[in-house]
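I opened the notebook to record what I looked up in this structure. The entries follow in the order I made them.

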Amino acid sequence: MINKAFLPVALILLFLGSCATVPRAAGEEEVLASLELISGASPETLLASSHDPFLLDGEVLVGKSALSLLWNSLAEAGFGFTNPVITEILPADPSQASLFSSSREVVYFFGNYAAPGSTFVRFRSGEGEFLLLLAPRDKGSRKILGWGGPY
Amino acid sequence: MKKQLLLLITAAVLALPLSAQNSDVVYLEGWVDVKTGSGDISELFMGDQVRVGETVITGDDGLAELQPEAGSRIIIHPGTVFSLQERTVNGQKRSVVSTSLGSVAFRFNKMTGAEPDIATPSMVAGVRGTEFTVFAGADGSSLIMVESGAVAVESQGRSVDLAPNEGVEVQPGEAPGEKFRVMRGSLDFSAWNANRAEEMLSDPLLALARMEKQLVELAEQVQEWGGRYEANIKLVEQKRGEMKTLAEAGKEDQARSLFTEELRPLEVETSDMVLNYRYYSLSALNFRRHVMSGLYTRMKALGFSGTAVDFEGFRGAYAALLDYYEEMIVPYLVAADF
């Protein structure tokens with residue numbers, strides 16, 4: 001016989017328990033940390049912080065060499081985001097694929113890698129408006145899943 | 001129609017027999033990934049087997065050594081994208097080992113006549129030798145050097161036979177150049193590739209035009225084999241219907257005869273067509289993903305630094321080429337390919 005007074009408490013505990021297992025999108029601090037990383041970290045650190053495969057505009061970069069080429073080329077070009085201001089943070093979902101590209105490749109990328117807990121960010125910097133994708137949190141950190149822009 | 005076509009493709013591909021071309025991983029260094037036929041990317045380990053339809057991707061510090069058969073070796077150097085594929089030529093199934101980017105050394109213990117064709121984005125080589133190295137450059141060009149035996153390099157309908165200590169370079173979409181003498185170990189892939197990349201970036205629109213030529217060639221093959229497949233599959237359905245009608249009418253002998261003399265050969269022919277348009281569409285995907293993407297990445301970085309040559313012109317031409325790829329190649333790929 002279940003104590004009726006216990007039922008609401010159990011439901012609340014169940015709800016809280018389920019909340020703990022639902023992956024959450026990144027908050028503003030995590031996003032800013034990622035933007036700082038892209039602007040200032042070494043190519044080696046960025047390589048270790050990047051998801052493989054990785055989305056760059058409409059390009060799906062596959063393999064460590066392709067990512068190494070990306071971050072080394074950008075470092076040589078002196079690339080960074082100047083004074084980034086976040087304008088939107090949302091859980092990533094397939095409908096955002098078209099903001100990067102209308103190609104089927106990018107649609108599949110979102111379907112395969114923008115898992116629950118991944119984050120879609122829109123931000124503005126001195127270089128223009130950009131999009132950023134962060135992977136779900138894994139072992140205490142989030143990898144950069146991709147970025148696009150300026151638009 | 002497209003959806004139906006894709007389902008048929010998937011079924012046909014799954015029905016393909018496994019080939020003896022599968023290779024054992026006998027040595028590894030650094031970071032090496034494998035992309036499986038189902039689209040998963042995972043780290044490769046010693047003792048794994050690389051199967052037909054799979055792609056090995058080595059990092060800047062990665063090296064993998066495969067053993068396709070006892071005594072033979074395929075050495076995949078750092079920064080390389082290497083696939084095991086199959087196609088049919090004149091009705092005969094042929095193994096193809098493709099280097100989309102980077103460098104691979106081949107050492108065949110003995111010639112058995114069943115050696116795979118060697119492909120890069122810009123050429124196909126028939127092996128009649130035992131030791132040679134293939135370089136696939138950042139701009140889609142290729143360089144092949146023979147150490148012992150002989151290799152016939154073919155592109156755009158022209159063939160060049162290489163003897164020991166000879167090499168030849170092939171630009172994307174072009175016939176092989178003049179062969180040259182080269183001593184073992186005297187050519188460094190990194191230096192050669194850096195030159196190819198530098199030349200590519202000095203005239204990105206020319207580099208893109210060459211890549212377009214290569215992509216168009218692949219797309220024409222995809223369309224040809226895909227078109228033949230679509231026509232054949234209708235015939236297969238028709239013959240299956242005829243066979244069913246005969247069987248229902250109790251004409252078992254005629255049904256059996258129809259199967260062995262018409263339907264079965266048609267099914268085999270159709271399976272070969274699938275193999276070929278899969279081969280060409282996957283080659284186009286690898287070219288787009290590992291060669292074209294590399295040019296885009298470099299140009300994007302140069303665009304930020306303001307040193308890119310005609311960046312806006314490049315962007316427009318690149319977008320047009322992607323539209324072409326999306327229209328001509330993508331309908332023949334399946335979800336797992338991406």
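**Entry 1: chain A overall**

I began with burial: of the 151 residues in chain A, 45% are buried. I am working from a predicted model. I then listed the elements and found six helices and six strands in chain A. Along the sequence they run α-α-α-β-β-α-β-α-α-β-β-β. I also checked the contacts in chain A with a separation of 6 or more, and 60% of them join residues 24 or more positions apart.

**Entry 2: strand E4 of chain A**

Is strand E4 of chain A mostly covered or exposed? I looked at residues 119–125, and five of the seven are buried. Next I looked up the partners. Strand E3 (residues 85–91) of chain A pairs with E4(A) in the antiparallel sense, over six bridges. Strand E5 (residues 128–134) of chain A also pairs with E4(A) in the antiparallel sense, over seven bridges. E4(A) and E5(A) make a hairpin, with two residues between them.

I followed one residue across the strands. A:Phe123 in E4(A) is the bridge partner of A:Ile86. In E5(A), A:Phe123 has A:Phe130 as its bridge partner.

**Entry 3: the nonpolar cores**

Which residues have the most contacts inside the largest nonpolar core? I found A:Leu132 and A:Trp147, in a core of 66 residues. H4(B) gives the largest share of this core, 15 residues. Domain 1 (17–197) and domain 2 (204–337) of chain B both contribute residues, so the core lies between them.

I then listed the contacts of A:Leu132, leaving aside neighbours within four places in sequence. They include A:Val31, A:Leu35, A:Ile38, A:Phe120, A:Val121, A:Phe123, A:Ile144 and A:Trp147.

I went back to the domain assignment of chain B, which gives domain 1 (17–197) and domain 2 (204–337). Their C-alpha centres lie 22 Å apart. The contact between them takes 31 residues from domain 1 of chain B and 20 residues from domain 2 of chain B.

**Entry 4: helix H5 of chain B**

I checked the length of helix H5 (residues 311–328) of chain B. Its 18 residues reach 26 Å from the first C-alpha to the last, close to the 26 Å expected at 1.5 Å a residue.

Which residues of H5(B) are buried? I found B:Phe311, B:Phe314, B:Tyr318, B:Leu321, B:Leu322, B:Tyr325 and B:Met328. They are on the same side of H5(B), because they cover an arc of only 135° around the axis. An α-helix has 3.6 residues a turn, so residues three or four places apart point the same way. On the other side of H5(B), I noted B:Glu312, B:Asp323 and B:Glu327 as exposed.

I looked up what the buried residues of H5(B) pack against. In chain A, they meet strand E2 (59–61) and helix H6 (104–113). In chain B, they meet helix H3 (204–248) and helix H4 (252–305).

**Entry 5: a buried serine**

I placed B:Ser72 in the loop between strand E6 (63–67) and strand E7 (73–76) of chain B. Is B:Ser72 buried or exposed? B:Ser72 counts as buried because its relative accessible area is 0%. Not counting residues up to four places away in sequence, B:Ser72 touches B:Leu66, B:Gln67, B:Arg107, B:Phe108 and B:Asn109.

**Entry 6: backbone checks**

Most residues other than glycine have a negative phi, and most peptide bonds are trans. I looked for departures from that.

- The bond from A:Asp52 to A:Pro53 is cis, with omega near 10°. A:Pro53 sits in strand E1 (residues 50–56) of chain A.
- A:Gly149 and A:Pro150 are joined by a cis peptide bond, with omega about 5°. A:Pro150 is in the segment after strand E6 (144–148) of chain A.
- A:Asp57 is not a glycine, yet has a positive phi of about 55°. A:Asp57 lies in the loop between E1 and E2 of chain A. A:Asp57 counts as buried, at 8% relative accessibility.
- B:Asn165, also a residue other than glycine, has a positive phi near 65°. I found B:Asn165 in the loop between strand E15 (158–162) and strand E16 (166–170) of chain B.

Note on methods. Residues numbered from 1 in each chain as written. Chains lettered and ligands numbered in written order. Predicted model: local features only at pLDDT ≥ 70, side-chain atom pairs only at ≥ 80, totals over all residues. Heavy atoms only, no water. Helix = DSSP H or I, 4+ residues; strand = E, 2+ residues; numbered from the N terminus. Expected span 1.5 Å × (residues − 1). Buried < 20%, exposed > 50% of the residue type's maximum accessible area, 1.4 Å probe, protein only. Arc of directions from axis to C-beta. Contact = heavy atoms within 4.5 Å. Pairing = 2+ DSSP bridges. Core = buried A, V, L, I, M, F, W, Y, C linked by side-chain atoms within 4.5 Å. Domains from an automatic or database assignment.
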